[in-house]
Amino acid sequence: IMLCRVLATFRGQGKPPNLSPMARRPMPGGRSGVAWYILLTMSLVGVSALIHYEAMQWAALKLLPRIHFLPTRSLVIIGILVCMAAHQAEVLIFAVVLYLLSRQGMDLGYDDQQRRTFLDFVNSSIESYTSLGYGDTEHLTQIHRMVSGAEALTGLVLLAWTASFTYLLMERYWRERHGRS
């Protein structure tokens with residue numbers, strides 16, 4: 001409900017929007033609509049990057065040093081699992097926002113929008129985040145295209161960041177294990 005109130009304020013309504021699924025309406029157009037899209041997508045990107053940074057920092061500086069007695073393979077795998085959990089949280093953030101926009105009546109371009117479940121939005125979010133393609137969903141409205149495009153770029157950058165983090169973990173633990181510097 002808090003997110004709905006914030007979204008209503010950005011749209012200039014001053015009151016919570018009608019949450020009825022039958023009250024479909026398009027996103028605002030013009031300069032204020034574009035500014036709203038940019039603010040929403042940049043907020044999602046920023047939150048995703050922050051989650052990823054904090055997860056990797058927590059793993060590298062707090063979790064892995066505390067469990068250094070485990071075999072090095074286990075430490076690398078645990079580092080990867082932490083990053084995967086961060087990726088899941090990031091995908092869910094995008095899915096939740098699109099789901100909430102849909103449920104408050106925002107037209108996302110689906111013919112069967114009222115029948116779509118939260119898991120449909122999660123699936124669409126995973127497809128966008130991993131840049132797999134659209135598959136069974138097509139992003140028809142400006143807001144959906146903009147959010148999904150930003151999600152694809154975010155996923156590309158954060159997946160590459162995970163690959164770099166994994167490489168650094170492997171290099172550190174393999175050097176320690178084999179006594180090389």
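Where is the place of isoleucine 38? Isoleucine 38 sits in helix α2, which covers residues 30-66.

## The model and its helices

This is a predicted model, in which local features need pLDDT of at least 70, side-chain atom pairs count only at pLDDT 80 or more, and totals for chains, interfaces and linings use all residues. Residues are numbered from 1 along each chain as its sequence is written, and side-chain values use heavy atoms, with hydrogens and water left out.

The protein has five helices and zero strands. From the N terminus on, the order is α-α-α-α-α. Helices (H or I, at least four residues) and strands (E, at least two) are DSSP runs, numbered from the N terminus.

Of the 181 residues, 39% count as buried. Buried means under 20% relative accessible area, exposed means over 50%, and partly exposed lies in between (1.4 Å probe, protein chains only).

The protein exposes about 10,400 Å², and carbon and sulfur atoms supply 65% of it. Accessible areas come from the Shrake-Rupley method with a 1.4 Å probe; for residues, only the protein chains shown count as cover.

## A nonpolar patch

Val34, Ile38 and Met42 make a nonpolar surface patch of about 260 Å². Patches are made of residues with over 30% relative accessible area and no salt bridge; like charges are joined within 9 Å, and nonpolar side chains (Val, Leu, Ile, Met, Phe, Trp, Tyr) within 5 Å. Isoleucine 38 counts as partly exposed because its relative accessibility is 41%.

Phenylalanine 94 lies in helix α3 (residues 72-103). It counts as buried because its relative accessibility is 0%. Leaving aside neighbours within four places in sequence, phenylalanine 94 touches Leu44, Val45, Ser48, Ser125, Val147, Glu151 and Thr154. Alanine 150 is 56 residues away along the chain, yet the C-alpha atoms of phenylalanine 94 and alanine 150 are separated by 9.8 Å.

Serine 102 is also found in α3. Its relative accessible area is 1%, so serine 102 is buried. The side chains of serine 102 and arginine 103 make a polar contact (3.3 Å). A polar contact is a pair of N or O atoms within 3.5 Å; within protein, one must be able to donate a hydrogen and the other to accept it, and residues adjacent in sequence count only if both atoms are side-chain atoms.

## Helix α4

Helix α4 (residues 118-129) has 12 residues. From first C-alpha to last it reaches 16 Å, close to the 16 Å expected at 1.5 Å a residue. The expected span is 1.5 Å times one less than the number of residues.

Which residues of α4 are buried? They are Phe121, Val122, Ser124, Ser125, Glu127, Ser128 and Tyr129. Their cover includes α3 and α5 (142-178). Just after α4, serine 131 takes a positive phi of about 60°.

Side chains of opposite charge can pair when their charged atoms come close. A salt bridge is a side-chain nitrogen of Lys or Arg within 4 Å of a carboxyl oxygen of Asp or Glu. By this rule the count is one. The side chains of glutamate 171 and arginine 175 form a salt bridge (3.0 Å, N to O).

Glutamate 171 and arginine 175 are four residues apart in helix α5, so about one helical turn separates them. Glutamate 171 counts as partly exposed because its relative accessibility is 26%. Arginine 175 counts as partly exposed, at 39%.

Notes. Contact = heavy atoms within 4.5 Å.
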